[in-house]
Amino acid sequence: MTDALRRWFGDLSLGVRLAAAGGRGSAVRLAWITIGIGLGVAALLTAASAGSVLDSHEQRTRARIIGAAPDADRPVPGVSPLYSSAVFTEFAGRRFGGEMLFADGATPPKVPGVEVLPKPGEIVLSPALRDLLASPEGTLLLPRFPQRVTGILGDEGLSGPWELHFYVGVERAELPGTSPAYSVGVPPERLYFDPLLSSLVVIASVVLLIPVVVFVAGTARLSASARDRRLAALRLIGADAGQVRRIVAGESLAGALVGLVAGVVFFVVGRDLVDSVSLFGMSIYGKDIRPSPALALLVFLVVPVIAVGTALVALRRTLIEPLGVSRGARRAPRRLWWRLLPILAGVALLAGQHRGMASQPQTALVVIGVVLVLVGLPMVLPWLLERCVRRSRGGPLSWQLAMRRMGAHGGASWRIVGGFAALLAGGIAVQALLLTSDSIHRDESWTPTADRDLAWTTTADSESARRLAERLRTMPGVRRAVSYDVVHAQQPPHLNGPVELIVAPCPALRELTPIQNCAEGDVFSFPEPNGEIADLPPGTEFVLSTAPEGRLSWRQPERVRPIARPAFHAPWSGAGLLITPAAVGQGVPQLQHLVAVRLGEDDPLALEAIRNEIGLTRPLSFSARATPVSDSERTYTAIRRLVTVGSVAALAVAAGGLLVVAFEHVRHRRRQFAVLSATGVPYSTLAWSVLWQNAVPVVLGTGAALACGLGLATLVLNTTPTPQRYDWEAIGLTGAAAVLAVLLATVMTLPQLRRAMRSEGLRTE
Amino acid sequence: MSIGHALLGLLENGPRHGYDLKRAYDERFGHDRPLHYGQVYSTLSRLLRNGLVQVDGTEAGGGPERKRYAITEAGVTDIDGWLGTPEKPEPYLQNTLYAKVVLALMSGRSAQGVLDSQRAEHLRMMRALTRRKADGDLTDQLVCDHALFHLEADLRWLELTAARLDELRVVST
Amino acid sequence: MTELLVAKGLAKAFGPTNALVDASMSVRAGELVAVMGPSGSGKSTLLHCLAGILKPDAGSVTYRDAELSAMPDSERSALRRNDFGFVFQFGQLVPELTFLENVALPLRLGGMRRAEAERSAKVWMDLLEVGDIASKRPGEASGGQGQRVAVARALATEPKVLFADEPTGALDSLNGERVLRLLFDAARQTGAAVVLVTHEPRVAAYADREVVVRDGRTQDVELVA
């Protein structure tokens with residue numbers, strides 16, 4: 001038994017030796033395999049790290065949340081309380097935030113990444129924010145940060161190296177209604193994975209495996225004739241069929257193993273690069289990209305298995321005999337029906353999961369469906385190509401030459417094109433999936449109807465609100481600005497919609513809505529957007545405070561005059577009362593001091609100036625405008641872009657495979673080209689024939705891939721209740737990349753063609 | 001082959017006794033037919049008469065076999081001329097083998113039989129020569145190669161003839 | 001002497017071409033047999049059938065009383081590995097491997113350890129006077145040297161029968177003679193029988209006897225003489 005095992009090992013190691021053994025051909029081949037499998041492995045390891053990246057992101061943001069832990073407000077001995085309030089601001093379409101802090105004592109809880117907490121008038125910035133403020137683009141933002149910079153945030157306090165984040169020190173008075181915190185950070189929770197996202201990761205991994213298969217298949221083709229001779233020689237001296245298969249397995253195993261090592265190197269180098277270069281605005285720490293050990297192990301197992309399996313399948317049709325290699329006699333024309341089976345099965349599975357038909361889409365079935373369609377595409381493509389080649393009659397000589405050559409020996413390059421197409425289709429499907437699952441775009445899909453130019457902010461007191469409104473009125477880009485107070489009150493129980501209590505002196509109320517007679521002590525009532533007047537009988541009680549020191553309430557007076565709904569009001573808010581301060585009386589504990597702004601023309605510069613005027617600690621909110629992407633959400637967009645880049649890169653690798661085949665083709669047919677050239681066929685005709693031969697399968701494959709990818713995306717998205725979107729830009733990009741790949745492959749083989757056409761092509765070996 | 005030129009060629013390496021000359025000749029050229037002493041001496045006296053060799057000295061005891069012969073200037077010139085003249089290619093038309101095959105064909109006998117038995121005989125000879133070549137020195141190898149190539153030529157001709165006869169048979173039937 | 005390899009009434013066709021029609025011959029242990037005939041006469045096909053590389057359409061080949069065509073592929077492979085050796089005109093050495101590795105190859109295929117196989121291979125290379133180019137690769141040495149390496153490889157497993165198909169076909173006369181001498185000397189030393197296919201009578205003359213193939217038929221010349 002051990003002897004048999006040793007012989008097995010001996011055969012495999014002989015294969016490894018043959019793969020590594022000399023000759024330029026085998027060196028080139030090994031290099032291709034290494035790069036191809038290496039890139040595939042690196043991509044797979046990255047995909048295997050998706051969990052750790054999202055998890056780390058989550059951990060990092062949870063670790064800095066102040067006072068949100070269940071027992072955060074319980075005093076801890078030796079720790080002085082910390083008051084805080086989250087704050088967000090926007091700049092150049094980018095939303096970022098920080099915390100306003102007030103440390104009440106010398107020993108506040110530790111905030112991650114902050115060495116010394118900022119005192120009032122001081123600020124701690126993230127490195128990226130510091131750089132932004134120091135850069136020319138940041139000059140417009142600079143007025144919003146008048147505070148003294150006392151520190152720079154450390155890595156542990158940031159979600160990523162490019163995050164804009166800050167901690168600004170404020171006075172206690174600027175943090176009304178906040179409770180003291182004695183601890184920072186929220187205990188970690190298991191990350192919730194969006195089912196769409198998790199199926200996406202699986203599909204992406206499958207798609208990423210395709211280039212590995214394409215590559216191994218392509219490189220198996222490289223110097224195939226030399227390999228055939230070699231294997232025949234081995235058969236002659238007594239290697240049996242099993243031994244030859246083991247030797248071939250050893251050969252491809254060598255490539256796979258070297259590729260694995262290269263993949264790990266690519267991965268580690270790329271990971272270090274993430275820290276120093278911001279790729280597509282992605283903000284991820286390299287150290288957070290950790291492949292899950294189980295998945296990494298799976299990659300290390302699956303890649304060699306696929307490499308060996310592909311090589312053995314490629315060998316299936318060739319019968320290696322001691323006297324040489326015979327490829328099965330003239331093969332029957334390809335049949336369609338069994339080739340269609342995987343696609344049909346996949347489509348049926350996906351259609352079965354269509355929302356409405358299945359109560360709950362099952363991720364596993366969706367993934368299987370997608371994989372079936374992707375696997376089926378390269379199976380149908382050769383049939384399609386064969387049809388096209390056979391149908392082709394006539395045309396110029398170059399076309400004829402290309403068609404006949406393809407008819408005679410299509411197989412290998414079609415396999416590559418098939419993989420190429422599957423890759424493209426998978427890329428398009430993943431694109432569409434990513435785009436749809438992107439929460440930001442989901443928000444955007446809710447289109448605001450009106451009042452896009454209405455914004456408001458809050459201030460500490462009504463006096464500063466009034467002054468801010470006055471200042472804003474004079475600024476360019478502001479049509480109107482008013483200040484008023486909102487009373488927070490418990491709603492009377494009999495009302496079905498909320499009623500807003502707005503407190504402002506008569507001049508301010510007139511700014512809100514036309515009022516003819518207004519005197520202190522007056523109360524006005526405005527209806528809901530549909531004109532309904534709230535059922536508010538005189539004497540309705542609004543409870544203002546239920547604090548232990550005493551219940552405080554306000555009763556609606558007898559006389560309430562109806563007025564028109566204020567133009568400032570967002571369509572979604574309900575009915576309300578406008579109250580003059582005298583009508584409220586003294587002792588209203590909590591008033592929100594608002595400044596409402598109606599903006600003029602869409603002017604980004606003016607908008608930034610307005611934000612600067614309002615200041616850092618007071619955000620400008622819009623009633624009906626999509627919130628710009630925050631930094632953590634940008635990461636999601638970045639991942640999507642990365643997938644685009646990844647699929648283009650994978651296409652490039654597949655195009656490399658195509659190039660390998662094109663090279664091999666010209667090399668193999670050197671003599672024929674030389675003879676044709678000697679008989680007077682011009683160079684251009686031969687060059688065109690090479691172009692046709694490369695282009696026709698790729699163009700057909702790309703077309704099929706586009707159809708298949710879009711169809712796949714439609715089917716998969718039908719399984720989730722989200723509207724469908726396609727990233728046409730990315731789809732166009734990938735399509736263009738495919739065409740470019742063909743042109744490049746052809747152009748790069750032309751010097752070789754020219755050399756073959758010169759006399760040396762006629763020489764025998 | 002001219003025995004006179006052969007002896008002159010042998011003498012070019014240095015003077016020799018008549019007996020030595022015969023031995024040297026036999027070794028190199030006379031495998032099947034060794035020279036008679038008489039033949040050596042009559043040739044030598046003809047060369048002497050023509051001034052191509054001269055007597056270099058006589059050892060005690062007298063008799064023709066004790067004389068030492070040396071080549072003269074004229075002799076060297078003569079052998080130069082002989083070596084420089086191309087040999088007329090032998091058409092081998094007087095070859096018995098050829099005659100047999102032609103006669104067999106003309107008389108309607110099976111030429112194939114003649115060919116097959118002849119090939120066996122040729123190969124037997126070639127095997128012997130090959131064996132001798134393996135054990136022999138350079139001279140042996142040269143001689144055997146010479147013979148082997150000629151025998152091979154015979155056999156090739158036989159093969160070709162056989163092929164032609166086959167073709168003829170196909171045409172006539 | 002015992003009959004090692006016996007072929008009876010072999011016929012083999014490739015498509016419409018009849019390569020062998022009725023061929024019979026036998027090889028005794030330690031005997032050197034030349035298979036002669038014009039090109040296209042079927043002599044290579046006869047050799048391939050004798051060695052179990054090709055399955056004849058009709059007739060039988062028995063090696064030590066075992067019918068070759070009845071064996072499964074694995075058994076015939078093992079036979080080629082252990083009992084037969086091959087020297088062809090060209091294309092038999094693996095260009096990626098060094099000469100030494102090439103000679104050691106059949107030993108390693110037979111399960112011998114690498115170091116042991118290469119030590120044994122070196123002995124054979126020395127015997128065939130190519131020990132000094134052991135670390136070179138095919139293509140880095142002359143054709144004659146390559147053929148001698150091929151002979152060393154064929155003999156490394158100490159086969160019972162050595163099949164040689166025009167082993168000197170691509171060599172000039174002098175190099176060819178050298179390869180043949182070494183081949184036959186080595187074969188005689190190891191007691192291997194040699195089946196030598198050639199169209200050159202001079203090459204055939206190295207053998208003990210010859211079998212002539214014409215139009216796919218064998219003619220046992222011994223019987224005529």
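## About the model

The model is predicted, so local features need pLDDT of at least 70 and side-chain atom pairs count only at pLDDT 80 or more, while totals for chains, interfaces and linings use all residues. Residues are numbered from 1 along each chain as written, chains are lettered from A in the order written, and side-chain values use heavy atoms, without hydrogens or water.

## Where A meets C

On the chain A side, 25 residues are in contact with 27 residues of chain C (heavy atoms within 4.5 Å). The pair buries about 2300 Å², with 58% coming from carbon and sulfur atoms; buried area here is the accessible area (1.4 Å probe) lost on being put together, summed over both parts. A:R17, A:L236 and A:I237 supply 28% of what chain A buries against chain C, more than any other three residues.

There's one salt bridge across this interface (a Lys or Arg side-chain nitrogen within 4 Å of an Asp or Glu carboxyl oxygen). A:R235 and C:D73 meet in a salt bridge through their side chains, at 2.8 Å, N to O.

## A look at A:R60

Is A:R60 buried or exposed? A:R60 counts as buried because its relative accessibility is 12%, and the cut-off for buried is under 20% (1.4 Å probe, protein chains only).

Its side chain reaches the backbone oxygen of A:D155 at 2.8 Å. Leaving out residues up to four places away in sequence, A:R60 touches A:D155, A:E156, A:L158, A:S159, A:Y285, A:K287 and A:D288.

How values were computed:
Buried area is the accessible area (1.4 Å probe) that two parts lose on being put together, summed over both. Buried means under 20% relative accessible area, exposed over 50%, partly exposed in between (1.4 Å probe, protein chains only). A polar contact is a pair of N or O atoms within 3.5 Å; within protein, one must be able to donate a hydrogen and the other to accept it, and residues adjacent in sequence count only if both atoms are side-chain atoms.
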